[in-house]
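Let's take a walk through this structure, from the overall layout down to a few individual residues. Have the viewer open and follow along.

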Amino acid sequence: MGSAARTRRTLLAGLAACAVFATAACGSSAEGGSGGGIQSTIKIAQVQDQTGAIAYAGLGASEGAELAIEEIDEQGFLGPGVKVELAKYDTAGEIERASSEMTKAMGDRDVDVIIGPAATQQAAAVAPLVGRQKVPTVFTQAGGDGVVVNDYTFRATPPMESYYEQVLDHLKQKGATNISVLYNATFPTFALLGEDAVPEMAKARGMNIVQSLPVQTTTQDFAGQSQQIAQKRPDALVMLLIAPQSVTALRQLKDAGYDNRIVATSVQAAGNIAAAGADADGLVYPVPFSTAMDGESSVAFTAAFREKYRKDPTPYAADGYDAMWFIARAIKASGDSSREGIRQGLATVAKEGFTGAMGKLTFEGNDARIDGALVQWRDGKETLAQ
Amino acid sequence: MQNLLNAATLGSIYLLFALGMALVWGTIGILNFAHGATFMFSAFVGHLVTRDTELPFVAVVLIAVLVGAAIAALIQLLAFRPILKRSKNQHAAEMRILIGGIGVAAIPLALAQHVTRSSPFGFRSSYDAEVIQFLGLRLTTTAAVVIVAGLAIGIGLTVWVRRSRQGLALRAIGVDAETAAGMGVNRTVLAFGTMATAGALAGLAGALLTFQLGAIAPETGDQLLIKAFAVIVLGGLGSMAGTVIGAYVLAGAETLVLHLNYGTWVDAVSFGLIFLILLARPQGLFGRKEVRRT
């Protein structure tokens, strides 16, 4: 072999070695620097419903998250010149779509952390993937089982049953002894509440469940159940239904002659009960966030949201806001915006807790806990329930 | 007795929704999976109009009926007719029409979901339902209207399809479109008119159901589609009387299951019942057995 050929081979080998080293370096920085440090751009994927049956949850979270990003960037919270970028992936209300969009987001090496699906069924489907791919994921809503299942899954919205006690306390205070439960047994969060949590809480307070009426998500007419409840005349009804069902149920309960107390859930928030008109007056339900809350951080969030969007924030916006600030605090705590660095930071912040739009957030493991607020709907708005 | 009234109301809701679908499927052979979207979007337009202006009951219903007819006519013109023209025969077109309907239905659904963010929507109307009490039974005025409308239109349509010349022409298209055309039946005009009528019925159902339930969601139409499909198959394809009976049989089964407090088993029991009936009578309760001459 001539010297020219030898030279060519040496040059080619040298180029190949450089290419390998360059690729390794790029791969390292996509994982967040050489084992530490905060990148100049932090990419966060929001994999939630932007369309579909619970689009209001995903769209609301987007608005809250974008407000938080604005504040984080303006304050230079993560350091001078560090920007946060939000990439949205639409799960469109479908479990299969949630899996494929999560896979896409996890496959993007620039994505450092994910805000995961708000629907329990979607979240539970992707939670194991998240652990296998080692991508820290903060879920909002998704209050059912099977979501916070490994070190990489966190939940910024507490499960409903963790702040539902105050509803039963409220009923006890109002003198309720006999309670009926009307619940959507095919909606995971409501099944859990209706079959386990509410009966346990009622028993602990000396209240009796005199009637338990399960329905499906496809149930649209509640005339029969309303008449059964009216005939039983309980002191209170615990109504655990999705938004369109609750509008119909409230109307038909009135038509059936039931006029005692009704308590519901945070699904009735965000104006979802407005379509019921006067039939919803007096409805009491717990929320993780309401514009009626008077804590300093909640008031500040409400004011900032109103200024940016010229409308009131929903609990979903508060979720998204707190989830984004949870992530920002995590990055600051660990000083590392790599996936592993963010995971460690989230675990650290969870141990300490923080204050956000929902008030003081503490954590049980990776799962948020709050006091929440009990609100009453009347004349088209929420006020704190007495 | 109260349960019978509840079943009658529920059955009338299913009937009002299913009638339009049964009419086109049983006569001109179009299985229209856009029927649910037509139903929902008619009510949605009523919601948009009444957002700013409170309207009386009749006005809202009229708007929904007209919108439903217009949507269905457009679907026939822009989707189903071109599919039929490009297909060798009716049989070849069936699957394409089915898929086409599903595709078309996605558009009004997406629009409504975008505007409402999938929150429930209703009407702002000067109409307020009252409760009628008699013999210990309770019935709202809306439920009474739904029952009367369902029965009147169901029976009226059954008689019309069976006894009128246009009904005969429609049934002829359903049996053999080519021969019917050869006998002087104007397929295009009749198909167009039938689809528009079905759309009007969907709009009527949309308005009445929204008044009855207080509000619907963009996904409500799709949920009812499966029930309508079951009602038509149970009653027997091609039989309007079967659709009428099928709606009340399904509603009766569901009401019984709910009364026994097996709320999560409603769909399983109802569709299980339909399955059992079809095992015994594959053509449905009132359908005719198909005879093929070889």
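This is a predicted model: local features need pLDDT of at least 70, side-chain atom pairs count only at pLDDT 80 or more; totals for chains, interfaces and linings use all residues.

What follows goes from confidence and layout to contacts, the core and some local details.

Chain A averages a pLDDT of 90, and 91% of its residues score at least 70. In chain A, the lowest value belongs to helix α1 (residues 3-30), with a mean of 52, while strand β4 (residues 137-139) comes out highest at 98. Over residues 17-34 of chain A the pLDDT is below 50, and in the model this stretch has 15 contacts beyond near neighbours in sequence. Keep that in mind when you look at that part of the chain.

Now for the layout of chain A. Its C-alpha trace spans about 100 × 40 × 35 Å along the principal axes. You'll find eleven helices and 15 strands in chain A. Of its 386 residues, 55% count as buried.

Chain A is split into two domains: domain 1 covers 41-158 + 294-372, and domain 2 covers 162-287. Taken over C-alpha atoms, the centres of domain 1 and domain 2 of chain A are 30 Å apart. Where they meet, domain 1 of chain A puts in 14 residues and domain 2 of chain A puts in eleven. On the domain 1 side, α2 (55-75), α4 (120-133) and α10 (315-334) of chain A each supply at least two residues. That side of domain 1 of chain A is made up of five nonpolar, seven polar and two charged residues.

Next, the contact between the chains. Here 33 residues of chain B touch 33 residues of chain A. On the chain B side, the elements giving two or more residues are α1 (2-27), α4 (90-116), β2 (137-140), α9 (220-235), α10 (240-259) and α11 (266-280). The largest share of that side, six residues, comes from α1(B). Sorted by class, the side of chain B that touches chain A has twelve nonpolar, 17 polar and four charged residues.

Helix α1(B) turns up again when we go inside. The largest nonpolar core has 215 residues, and A:Ile327, B:Tyr14 and B:Ala18 touch the most other members. α1(B) provides the largest share of this core, 15 residues. Domain 1 and domain 2 of chain A both give residues to the core too, so it lies between them. For a local view, pick B:Tyr14: leaving out residues up to four places away in sequence, B:Tyr14 touches B:Lys227, B:Ala228, B:Val231, B:Ala247, B:Leu250 and B:Ala251.

An α-helix has 3.6 residues a turn, so residues three or four places apart point the same way. After α5(A) comes A:Gly175, with a positive phi near 90°.

Most residues other than glycine have a negative phi. A:Arg310 has a positive phi, near 60°, without being a glycine. You'll find A:Arg310 in the loop between α9 (296-309) and α10 of chain A. With 7 other C-beta atoms within 10 Å, A:Arg310 is exposed. B:Ser118 has a positive phi as well, near 65°, and lies in the loop between α4 and β1 (131-134) of chain B. B:Ser118, however, is buried, with 27 other C-beta atoms within 10 Å.

How values were computed
Residues are numbered from 1 along each chain as its sequence is written. Chains are lettered from A and ligands numbered from 1 in the order in which they are written. Domain bounds come from an automatic or database domain assignment. Two residues are in contact if their C-beta atoms, placed from the backbone, lie within 7 Å. Helices (H or I, at least four residues) and strands (E, at least two) are DSSP runs, numbered from the N terminus. Ala, Val, Leu, Ile, Met, Phe, Trp, Tyr, Cys and Pro count as nonpolar, Asp, Glu, Lys and Arg as charged, and the others, Gly among them, as polar. A residue is buried if 20 or more other C-beta atoms lie within 10 Å of its own, exposed if 12 or fewer, and partly exposed in between; C-beta atoms are placed from the backbone. pLDDT is the predictor's confidence in each residue, from 0 to 100. A nonpolar core is a set of buried Ala, Val, Leu, Ile, Met, Phe, Trp, Tyr and Cys residues joined through C-beta atoms within 7 Å.
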